[in-house]
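Please examine the sequence and the three-dimensional structure shown below. A short report accompanies them.

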Amino acid sequence: MLTPEENEMLTRVGPGTPAGELLRRYWLPVCPASELTAAQPTRFVRLLGEDLVAFRATNGQVGLIADHCAHRGASLLYGRVEERGIACAYHGWLYDTAGSCLECPAEPAGSMFHLTVKLPAYPVQKFVGLYWAYLGPLPAPVMPRYDVWVRQDGRRRVTVHPMLDCNWFQAMENSADPAHADILHHEFHARRGVRVTNSTRGNVDAIEAYDFEVVPIGLMKKRITASPAPDGEHPLIFPNILRVGNNTQIRVPVDDTHTAIFRIAFDPTPDGSIVEDEADPPVAYVGPWKDPVDAVHPFTRHDMMVDVQAQDHMAWETQGPIANRTVERLATSDRGIVMLREMMKREIARVQQGEDPLGLVRDPDHAMIDTNLEAEYITRVRARTAAR
Ligand code: FES
Ligand SMILES: [Fe+2]
């Protein structure tokens, strides 16, 4: 159970909030690169509670600047792009990708007024077929070379999930919650051939214990069963990524009560051969998983039986737009949740002291980062289990 102040600290993402400032230290995906085209060169972006517009100038440069024009506030979503940047459709104030105003067409000839005008603007880079933005203090860190994002012995796929209409931290707490897997998702275990005889208990009786461990990339967890687990145990890559097999699910806080989810899947070549010509990965859009699509509980109905993700969305959204953790009843199986909250508090404090938080990388030549820690972790879990 948390105090109201602790709940606010972990969940709010706007500028100046503790979690918001932590999240601003990381590159966050904004949209597939294929969503900015010559025919549709602008896209509205809400990210960490800030309203922005992504645009692609005709010279190919991509910018991310404040939605509202500095003049009298019209949206730059409707701006016209040209080689130098984007011009507000209302009176033509022209901004470059750094947010600097280059021209105010209705001002007298020779006016230097535009030099006094600047909009908030953020760095953007393309990586694995997505545009990523960095909203924190400069200099920006580099993109972490997580194995499944950069390995060359295969190809990647991008999947865009439907908008999650609740706070980002509910999805991340779920990534530290192995107990839900055998109950919430038990129908899907049954489809994989695991016999489920009790709809309340699901497969939970096969679990002997849960194990959790803090690791350099975040948090590991495991359901310990009598037989070796057939699949991996889903590392949580701090602060906002879940790895499942060779997939990474990246949860991106849009604002306090909406979360975008992008999935990058890596498919290794069967023989380990190197792929030289990987272009932008294909992009698939999945869902919606509820009807009406843009309403929240209790004014919508989640379809629980589409797949595992749809069940997760049901659980996360029905906890509330921001879960009220002042009335929760944590139990022994929630140890991972407590560890994640402690990790958040620790990393928030580091940011507040001017340090880089966990997982930030500044060396552009850093080695590939191994996020598949299963084998070594499971060896340690076995030793711990034997010692019990
Ligand atoms: S409101 Fe944008 S130029 Fe006037
Ligand atoms: Fe789940």
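## Basis of the model

This is a predicted model, in which local features need pLDDT of at least 70 and side-chain atom pairs count only at pLDDT 80 or more, while totals for chains, interfaces and linings use all residues. Residues are numbered from 1 along each chain as its sequence is written, chains are lettered from A and ligands numbered from 1 in the order in which they are written, and side-chain values use heavy atoms, with hydrogens and water left out.

His-185, in the loop between helix 5 (181–184) and helix 6 (186–191), and Asp-312, in helix 7 (residues 308–318), are 127 residues apart and link distant parts of the chain. Helices (H or I, at least four residues) and strands (E, at least two) are DSSP runs, numbered from the N terminus.

Both His-185 and Asp-312 are buried, that is, under 20% relative accessible area with a 1.4 Å probe and protein chains only.

## Nonpolar cores

A nonpolar core is a set of buried Ala, Val, Leu, Ile, Met, Phe, Trp, Tyr and Cys residues joined through side-chain atoms within 4.5 Å. The largest has 76 residues, of which Leu-47, Trp-132, Trp-149 and Met-344 touch the most other members. Helix 8 (residues 335–352) gives the most to this core, with six residues. A second, separate core of 15 residues includes Val-53 and Tyr-95.

## The largest pocket

A pocket is an open set of points on a 1 Å grid over the protein atoms alone, with protein on both sides within 12 Å along at least five of seven lines; lining residues have an atom within 4 Å of a point. The largest pocket is lined by 25 residues, and among those nearest its centre are His-185 and Asp-312. Helix 7 supplies the largest share of this lining, four residues.

Note on methods: Buried means under 20% relative accessible area, exposed over 50%, partly exposed in between (1.4 Å probe, protein chains only). On a 1 Å grid over the protein atoms alone, a cavity is a set of points where a 1.4 Å probe fits but cannot get out, and a pocket is an open set with protein on both sides within 12 Å along at least five of seven lines; lining residues have an atom within 4 Å of a point.
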